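Biologist: Before we discuss details, could you put the model on the screen and then take my questions in turn?

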Amino acid sequence: MRLFRQLLLISTAFLSFSAAAQEPRLGQEYTVLDRPQPTDSGKKVEVTEFFGYFCPACNAFEPYLEAWIKKQGDRIVVKRVHVKFSDLMASQQKLYFTLEAMGKVDEYQLKTFNAYHIDRNRLSSDADVFRYVDKVGLDKKKFTDIYNSFSIQSKVNRAAQLMSDYKINGVPTVAIDGRYIVSPADLFAKSKVRDGSHAGLVVMDWLVDKAYKEKNPASAAAPAVTKKK
């Protein structure tokens, strides 16, 4: 009887989220910032992921996110912000922003997650970071020059400001159109939707659709055109 009750509760939560996937609930599957933040993505929808290499949930979410980004086509502009909750994360943060400045994020993002979570290189010091750079074959001189530059420190300062503006207290957190906030790891822990999709991505799909239609009302309302045979 106890097992039956547990299964019933799980099934109820599962079905509830499946229904909610059609229209996520404010305050349940997503929240809205009290003060929307400016974006510069034009007619596209800005999607900002706050993450950290140290974060197991971010590591698990990364493959899902990469696949989701590809499915969105040219509707979105993706930005990433490596957070810092303590000084132990400072070198990881600088590592990410250096990879970004070098145009190497796409090539090295998964490798860097693997360095931390599989190879157990905690990247918690400059020495750890440079050991990683040697291992993966990055241009060490170029990397070091950028890593120690004023521009990277500016990005670090900007990240701190964004964390404050978006009220980030956990990762991964995804901000959509400077307004909507989704916690993919929290939603994933609660449930998966019926077809096995990642619950957080279902909510993100809905919010991107909503924001895109608001930014492009004419194209959203335009009827489909079919060619006559």
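Biologist: What volume does the largest pocket have?

Modeller: This is a predicted model, in which local features need pLDDT of at least 70 and side-chain atom pairs count only at pLDDT 80 or more, while totals for chains, interfaces and linings use all residues. Residues are numbered from 1 along each chain as its sequence is written, and side-chain values use heavy atoms, with hydrogens and water left out. A pocket here is an open set of points on a 1 Å grid over the protein atoms alone, where a 1.4 Å probe fits and protein lies on both sides within 12 Å along at least five of seven lines. Taking volume as the space filled by probe spheres set on the points, the largest pocket comes to about 350 Å³.

Biologist: Which element supplies the largest share of the lining of the largest pocket?

Modeller: Of the 17 residues that line this pocket (an atom within 4 Å of a point), the closest to its centre are E46, K79, V81, R158 and L162. Two or more lining residues come from each of β2, β3, α3 (90–101) and α7 (150–165), where helices (H or I, at least four residues) and strands (E, at least two) are DSSP runs numbered from the N terminus. The largest share, 5 residues, belongs to α7.

Biologist: Are the residues of β2 buried or exposed?

Modeller: In a regular strand the side chains alternate between the two faces of the sheet. In β2 (residues 45–51), V45, V47, E49 and F51 point one way, and E46, T48 and F50 the other. With buried meaning under 20% relative accessible area (1.4 Å probe, protein chains only), 7 of the 7 residues of β2 are buried.

Note on methods: Buried means under 20% relative accessible area, exposed over 50%, partly exposed in between (1.4 Å probe, protein chains only).
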